[in-house]
Amino acid sequence: MERTKYILDERDMPTHWYNVLPDLPVPLPPELHPGTGKPLTPDDMKPIFPMAVIMQEFSPERYIEIPEEVQAVYRTWRPTILHRAHRLEKALDTPAKIFYKYEGTSQAGSHKPNTAVAQAYYNKKEGIKRLTTETGAGQWGSALAMGCAFFGLECKVYMVKVSYNQKPYRRIMMETWGAKVVPSPSQDTKAGRAVLAESPDSPGSLGIAISEAIEDAVTHKDTKYSIGSVVNHVLLHQTIVGEETRKQMEMADAYPDIIVGCIGGGSNFAGQFLPWLRDKLSGKKPGMRIICVEPQACPSLTKGIYTWDYGDTAGLAPILKMYTLGHTFVPPPVHAGGLRYHGKAPIICHLYKLGIIEAKAVHQIPVFEAGVMFARTEGIITGPEPCHDLRVAIDEALKCKESGESKTILIAHSGHGHFDLAAYDEYLSGRMQNYAYPAAKVKEALKHLPQVPES
C-alpha cells in the first residue's frame with residue numbers, strides 16, 4: 001500500500017527555531033534607521049517591538065528555544081502533515097516524487113499563526129495591551145487576531161483595501177476573534193489620510209498598510225506593532241515548518257532535489273527552506289534547487305533592483321537592503337493579495353544575490369490552472385498564493401517526464417483557499433485576466449528610494 005501522509009506525534013514537534021544568520025556565508029546587511037540612515041540598534045526598535053523579539057532579530061544563536069507557552073498553543077494544530085501527492089503524480093504521468101507540507105490545518109487556515117502566536121506571547125509577557133498590524137489577503141490579520149485572542153490582547157488590523165473588498169470573510173474571521181479591521185488607506189492615520197488626499201480611489205498596498213499600523217503603534221501607549229513577514233524574527237518563527245518536514249521526509253526515506261514556495265514578504269517559504277539550506281551551504285546537498293515563486297504583477301526579485309528601500313510607503317519602517325520595486329509602488333489587484341509587496345525579506349534577497357536560491361515569476365491564469373488541477377487530484381482548494389508554488393512544481397514535474405528523471409519535489413503549501421472562491425469563480429468563468437509587469441509605475445516608484453551611501 002502506498003503511503004500518502006507522514007504524521008509526527010506531538011511529542012516529536014521541534015522545540016527550537018532555527019536561526020540561519022550564523023550560517024550565512026556572507027553577513028546579512030544591517031537594517032537601517034529610517035530617520036538617520038544608520039544601522040538599527042535594539043534601542044531603536046523599542047517603540048514598535050517587544051525586547052524579546054528585538055533580540056531574536058539580531059541573535060547570533062543558531063537555535064532559539066520555543067517557550068512552553070507557545071509550544072502549548074502550537075500543539076493545538078501542530079505538527080502539520082506532510083503529504084505525498086500520488087494522485088497529482090499520476091495525472092502528470094511523471095516519474096517525479098511530489099511531497100507537500102500542508103499548513104492549512106491551523107485554525108486560521110495558513111502558516112501565519114506560527115509567528116502570530118509567538119509575537120502575541122512575547123508582547124503579553126512584556127505588559128503590552130494592544131497590537132496593530134497590516135494584512136494583505138487577510139491570512140496574517142486572521143492569525144494575529146487569533147493569537148491576540150489566545151493571550152488577551154486587543155488587535156487593530158489595517159487591511160489592504162482591494163483585499164478588504166475581495167475577501168469579506170477574512171474580515172469577519174478577524175472580527176470574530178475580536179480584532180478591529182479597517183480598509184487601508186484609512187482615515188484613522190496621518191499616513192492613510194495623505195494617500196487618500198492624493199488618490200481617493202487607491203486600492204491600497206501592503207506598504208501603505210504597514211505605514212498606518214506603525215503610526216498607530218507609536219502614537220498609542222501600551223501598543224506595539226506586529227509584522228507577519230519580511231524581518232528576521234518572523235522567518236525564524238516559521239522555521240518550525242522546515243524542522244518538522246526534515247523529520248517527516250526522513251520517515252518517507254526521501255530528500256528534496258527541488259523545494260518550491262511562493263514569496264510575498266517571504267516568511268512562508270523561508271520557514272520551509274531555511275532548515276534545508278544548511279545542507280546546501282555545508283556541501284552535503286550542493287545541487288539542491290530552491291525556487292522562489294512570485295506574481296508577474298509584482299515581481300520584486302525577478303524585475304526589481306537590489307538596493308536600500310523603506311519597508312513601507314510612508315518611510316516609517318526600517319530601511320532594508322532588498323530587491324524592491326520601490327516603496328511607493330502600488331501593484332495591480334491580483335488575487336494573491338499576500339504576494340503584493342514591493343520588496344522581499346532581506347534574508348531571501350541576500351541569498352538570491354549570492355546565487356544560492358532561484359526565482360521565477362508567473363501569471364495568475366496559469367497559477368489558477370494549477371490550483372484547479374491540484375484540487376481535482378489532491379482535493380485541497382489552495383489559496384491563490386501557494387497556487388504559485390503548485391504552478392512551478394507541476395512545471396518541474398513535467399520536465400522530469402520529458403527527461404525521465406525521478407526527482408523529489410517538495411512544495412511549501414502555506415494554506416487553503418476557502419475564502420478565495422470568488423477568485424476561482426473568476427478563473428472558472430473565464431473572466432480572469434493576467435496583469436503585465438507595470439514597468440512605468442515601477443520606474444516612477446524607484447525615483448523615491450532613500451539616499452543611503454554605499455559602504
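Leaving aside neighbours within four places in sequence, which residues is Asn268 in contact with? His111, Cys262, Ala412 and Ser414. Contact here means heavy atoms within 4.5 Å. Asn268 sits in helix 11. Helices (H or I, at least four residues) are DSSP runs, numbered from the N terminus. At 9% relative accessibility, Asn268 counts as buried. Buried means under 20% relative accessible area, with exposed over 50% and partly exposed in between (1.4 Å probe, protein chains only).

A word on the source. This is a predicted model, where local features need pLDDT of at least 70 and side-chain atom pairs count only at pLDDT 80 or more, while totals for chains, interfaces and linings use all residues. Residues are numbered from 1 along each chain as its sequence is written, and side-chain values use heavy atoms, with hydrogens and water left out.

Stay with helix 11, residues 267-282. Its axis and that of helix 10, residues 232-251, come within 6 Å and cross at roughly 60 degrees. Axes are lines fitted to C-alpha atoms, for helices over the stretch in contact, and angles run from 0 to 180 degrees between N-to-C directions. That makes helix 10 oblique to helix 11. The classes: under 35 degrees is roughly parallel, over 145 roughly antiparallel, 65 to 115 roughly perpendicular, and the rest oblique. The crossing of helix 10 and helix 11 is right-handed. Right-handed means the near helix is turned clockwise from the far one by less than a right angle, left-handed anticlockwise. Helix 10 contributes residues including Val234, Gln238 and Val241 to the contact, and helix 11 contributes Trp276 among them. By class, this contact has eight nonpolar, seven polar and four charged residues. Ala, Val, Leu, Ile, Met, Phe, Trp, Tyr, Cys and Pro count as nonpolar, Asp, Glu, Lys and Arg as charged, and the others, Gly among them, as polar.

Helix 10 also meets helix 4. Those axes come within 8 Å and cross at roughly 125 degrees. So helix 4 is oblique to helix 10. Helix 4 passes helix 10 in a right-handed crossing. From helix 4 come Asn114, Thr115, Ala118, Gln119 and Tyr122; from helix 10, His233, Val234, His237, Gln238, Ile240 and Val241. These divide into five nonpolar, six polar and no charged residues.

Now Tyr121, also in helix 4, residues 113-125. Tyr121 is buried, at 7% relative accessible area. Not counting residues up to four places away in sequence, Tyr121 touches Pro67, Glu69, Val70 and Phe151. Leu153 is 32 residues from Tyr121 in sequence, and 9.5 Å away in space, C-alpha to C-alpha.

Next pair: helix 14, residues 364-378, and helix 15, residues 384-403. Their axes come within 8 Å and cross at roughly 85 degrees. Helix 14 and helix 15 are therefore roughly perpendicular to each other. The contact includes Phe368 and Phe374 of helix 14, and Leu390 and Ile394 of helix 15. By class, it has ten nonpolar, two polar and two charged residues.

Last, cysteines. How many disulfides does the structure hold? Zero, where a disulfide is a pair of cysteine sulfur atoms within 2.5 Å. Cys292 is in no disulfide; the nearest cysteine sulfur, that of Cys349, is 9.1 Å away. Cys292 is buried, with a relative accessible area of 0%.

Technical notes:
Helices (H or I, at least four residues) and strands (E, at least two) are DSSP runs, numbered from the N terminus.
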